[in-house]
Amino acid sequence: MERYATVFINSFREQVAWTWKAICWDVPWYLNYFWGLIIISVLVWGLELIRPWRKQQAAIRGDFWLDAGYMFFNFFLFSIAIAGGYAVIGLSGSDIGLSMSSFTLIPLAVLPTWAQLVVFFILLDFVQWITHLLLHKLPVLWEFHKIHHSVKEMGFAAHLRYHWMENLLYKPLKTLGVMLLGGLEPEQAYIVHFIAITIGHLNHANLKVTWGPLKYIFNNPVMHLYHHAYQLPKGRFGVNFGISLSVWDYLFGTDYVPESSGTIPLGFEGDEQLPKGFLGQLLHGFGRRSRSSSSD
């Protein structure tokens with residue numbers, strides 16, 4: 001037990017030290033997730049200000065600062081908090097003879113670097129698409145996902161608002177993806193993750209972008225707006241579940257992109273009952289579930 005405690009504490013400290021080094025620009029630029037996230041956020045926000053789709057929407061929309069707070073909590077503070085837990089899980093696996101190579105299904109090392117990145121990107125996105133669909137389909141998971149769908153005005157920072165329990169669902173999936181694809185380096189996983197974050201920012205931005213014919217492959221702000229629509233097509237519990245890629249929705253019939261001015265109501269039935277403050281939202285989902293269904 002003492003060995004596990006030591007690993008837990010050391011991993012926590014290492015994560016704190018790494019985050020501080022990133023803040024101080026003391027890590028390679030291509031691994032600096034702290035400033036990278038801030039820079040891409042400012043750039044996408046700039047695009048919103050230059051070419052806004054919904055021109056009546058304020059530059060600093062409602063709940064903008066709440067969502068900005070989620071960025072630092074979800075991407076940094078929570079990562080520090082759970083670092084020790086992941087280290088203990090890894091140590092437990094090694095104690096029973098499991099390692100990263102134990103789960104390898106596709107040896108990526110035999111492929112060129114660019115191909116490794118593409119395969120990892122596609123596999124990870126498909127697994128996240130399934131997870132996202134389940135967040136809407138299963139009532140217990142929908143209670144947590146409601147926090148993300150409580151956004152009433154869409155902007156890039158809406159991408160950052162989500163319940164911390166979603167980290168416990170998505171982060172292991174990313175780790176599993178790395179394990180399944182033998183030979184993938186941490187730096188490569190970081191590149192793919194950051195590309196996905198950038199696409200997610202764009203998908204939530206106040207921008208009218210469809211990518212033309214590529215809309216059947218890549219998700220986009222217009223398609224994702226209808227994922228957050230208050231009113232869904234009759235009989236559906238959700239639409240447009242794609243994270244980075246839209247191809248999964250078109251393949252499995254969960255796509256829905258009608259013509260619109262982009263000013264549709266957002267949210268879900270009963271969203272007015274959700275806590276408005278940060279702390280209340282962090283604690284949401286652990287009490288008795290509400291009867292409102294996943295309207296988006």
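Reader: Does Y30 count as buried, partly exposed or exposed, and why?

Author: Buried means under 20% relative accessible area, exposed means over 50%, and partly exposed lies in between (1.4 Å probe, protein chains only). Y30 counts as partly exposed because its relative accessibility is 39%. The residue sits in the loop between α1 (2-23) and α2. Helices here are DSSP runs (H or I, at least four residues), numbered from the N terminus, as are strands (E, at least two).

Reader: On what basis are such values given?

Author: This is a predicted model in which local features need pLDDT of at least 70 and side-chain atom pairs count only at pLDDT 80 or more, whereas totals for chains, interfaces and linings use all residues. Residues are numbered from 1 along each chain as its sequence is written, and side-chain values use heavy atoms, with hydrogens and water left out.

Reader: Which residues form a nonpolar patch on the surface?

Author: Patches are made of residues with over 30% relative accessible area and no salt bridge; like charges are joined within 9 Å, and nonpolar side chains (Val, Leu, Ile, Met, Phe, Trp, Tyr) within 5 Å. Accessible areas come from the Shrake-Rupley method with a 1.4 Å probe, and for residues only the protein chains shown count as cover. In this model, W25, W29, Y30, I39 and L43 form such a patch, with about 630 Å² of accessible area together.

Reader: What span should helix α2 have, and how far apart are its end C-alpha atoms?

Author: The expected span of a helix is 1.5 Å times one less than its number of residues. Helix α2 (residues 33-50) has 18 residues and should therefore span 26 Å; its end C-alpha atoms are 26 Å apart, in agreement. Among the buried residues of α2 are Y33, F34, L37 and V44.

Reader: How many aromatic pairs does a search of the whole structure find?

Author: Rings of Phe, Tyr and Trp (its six-membered ring) pair if their centres lie within 6.5 Å; planes under 30 degrees apart count as stacked, over 60 as edge-to-face and the rest as tilted. The search finds 30 aromatic pairs. One of them is the tilted pair of Y33 and F76, with 6.0 Å centre to centre and 55 degrees between the planes. This pair links distant parts of the chain, with Y33 in helix α2 and F76 in helix α3 (residues 64-95), 43 residues apart. Both Y33 and F76 are buried. W45 and F64 also form a tilted pair, at 4.8 Å centre to centre and 35 degrees between the planes. W45 lies in helix α2 and F64 in helix α3, 19 residues apart. W45 counts as partly exposed at 22% relative accessibility, whereas F64 is buried at 6%.

Reader: How many salt bridges does the structure hold?

Author: A salt bridge is a side-chain nitrogen of Lys or Arg within 4 Å of a carboxyl oxygen of Asp or Glu. The structure holds 5 salt bridges. D67 and R61 meet in one of them (2.5 Å, N to O). D67 is buried, with a relative accessible area of 0%, and R61 is buried at 5%. R161 forms a salt bridge with D67, the closest N and O atoms being 2.6 Å apart. R161 lies in the loop between α5 (139-145) and α6 (164-180) and D67 in helix α3, so the pair ties together parts 94 residues apart in sequence.
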